[in-house]
Amino acid sequence: MPTQDEVFEKVQAALVDALGVDDDEVTPEATMVGDLGAESIDFLDIVFKLEKAFDIQIPREELFPEDILTNSEYVKDGKVTDEGLAELKKRMSWADLSKFEENPRVQDFGDLLTVNDLCSYVNSKVGA
Amino acid sequence: MRWFWIDRFTYFKSRERAEAIKNISLTEEPVDEYLPRFPIFPNSLIIEGLAQTGGILVAEAFDFRERIVLAKIGSAKFFKPARPGDQLAYTARIDDLQNDGAVISAQAHCNGERQADVQMLFAFLDEARFGTEQLFNPANLLTMLRLMRLWEVAQDAEGNPLTVSKNLLDDEGTSQPMASIG
């Protein structure tokens, strides 16, 4: 079982490789989209690299809950409802959604994930 | 001009590896016009040839049902220019194959020397985001693959000759030949 440092190092290596960023840009607080410039296709690349690096399977909906974000039961006027937030928290217990909850606009969800969230997700998979 | 950037397949093993060759000729417009007085075959078209080799390898793994696009070049390194008279030998290997994409490692060699290394990510277009429109008319795709002599060398994963995909054959009788490729 990898330590948390080992998880971070491998996640960092995957992001450096996938996004063409420098090691020192990949800090725990960096957001994937805003700070590291990840585009939608990069996430598929990152998922492939993480699966290989950690020998895990990543169900896409665990990282990208588009089914919730496009469900009219959970979204009203472009914002995720309380029920939707509850579903998101259940699905993404490893992510820090506190900032998103303050103003849960669907359009902002894409820039939510940080490097730390990604490490937490991997930790939840490998039991670090 | 057809958008064919390989001349023919020389080896094809389903879900594993494809090899193809591309002969560089001074008569090709991109060679003649890319760098006047220094005729070389553009590296971007070597990437395209490797992507066609790898893309067909990925497409066949799904019996040509998925709509596959070259989504990202992870890295591309070129070691020497490709010049008229050269024959490039392309090899594409599947590194990862999943239901929403594939990773391909590809190389070009010329006279046994490494000419290019390219890592490519292919993605499959899903209906929810990209609708249902076809990228290729299946009958045209089949014609293209025949021109590239794929079926002469193709093997299934067990090494047996690969039969022509029914998905492509079914469309053949009802389509305009080669109308939309190129």
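This is a predicted model: local features need pLDDT of at least 70, side-chain atom pairs count only at pLDDT 80 or more; totals for chains, interfaces and linings use all residues.
**Group meeting: a helix pair and a chain contact**

Hi everyone, let's start with who touches whom: on the H1(A) side we have A:Gln4, A:Val7, A:Phe8, A:Val11 and A:Leu15, and they meet A:Val115, A:Leu118, A:Cys119, A:Val122, A:Asn123 and A:Val126 of H8(A).

The predictor's scores for the complex are an ipTM of 0.82 and a pTM of 0.87. For chain B, the mean pLDDT is 91, with 94% of its residues at 70 or more.

Back to our helices. Two packed helices are described by the angle between their axes and the distance between the axes. Here, H1 spans residues 4-19 of chain A and H8 spans residues 115-126 of chain A; they pack at an angle of about 120 degrees, and their axes are 10 Å apart. Perpendicular would end at 115 degrees and antiparallel would begin over 145, so H1(A) and H8(A) count as oblique to each other. As for handedness, H1(A) and H8(A) cross in a right-handed way.

Now for the contact between chains. How many residues of chain A are in contact with chain B? Six residues of chain A are, and they face nine residues of chain B. The biggest share on the chain A side comes from helix H2 of chain A, residues 40-54, which gives five residues.

Conventions
Residues are numbered from 1 along each chain as its sequence is written. Chains are lettered from A and ligands numbered from 1 in the order in which they are written. Axes are lines fitted to C-alpha atoms, for helices over the stretch in contact, and angles run from 0 to 180 degrees between N-to-C directions. Helices (H or I, at least four residues) and strands (E, at least two) are DSSP runs, numbered from the N terminus. Angles under 35 degrees count as roughly parallel, over 145 as roughly antiparallel, 65 to 115 as roughly perpendicular and the rest as oblique. A crossing is left-handed if the near helix is turned anticlockwise from the far one by less than a right angle, and right-handed if clockwise. Two residues are in contact if their C-beta atoms, placed from the backbone, lie within 7 Å. pLDDT is the predictor's confidence in each residue, from 0 to 100.
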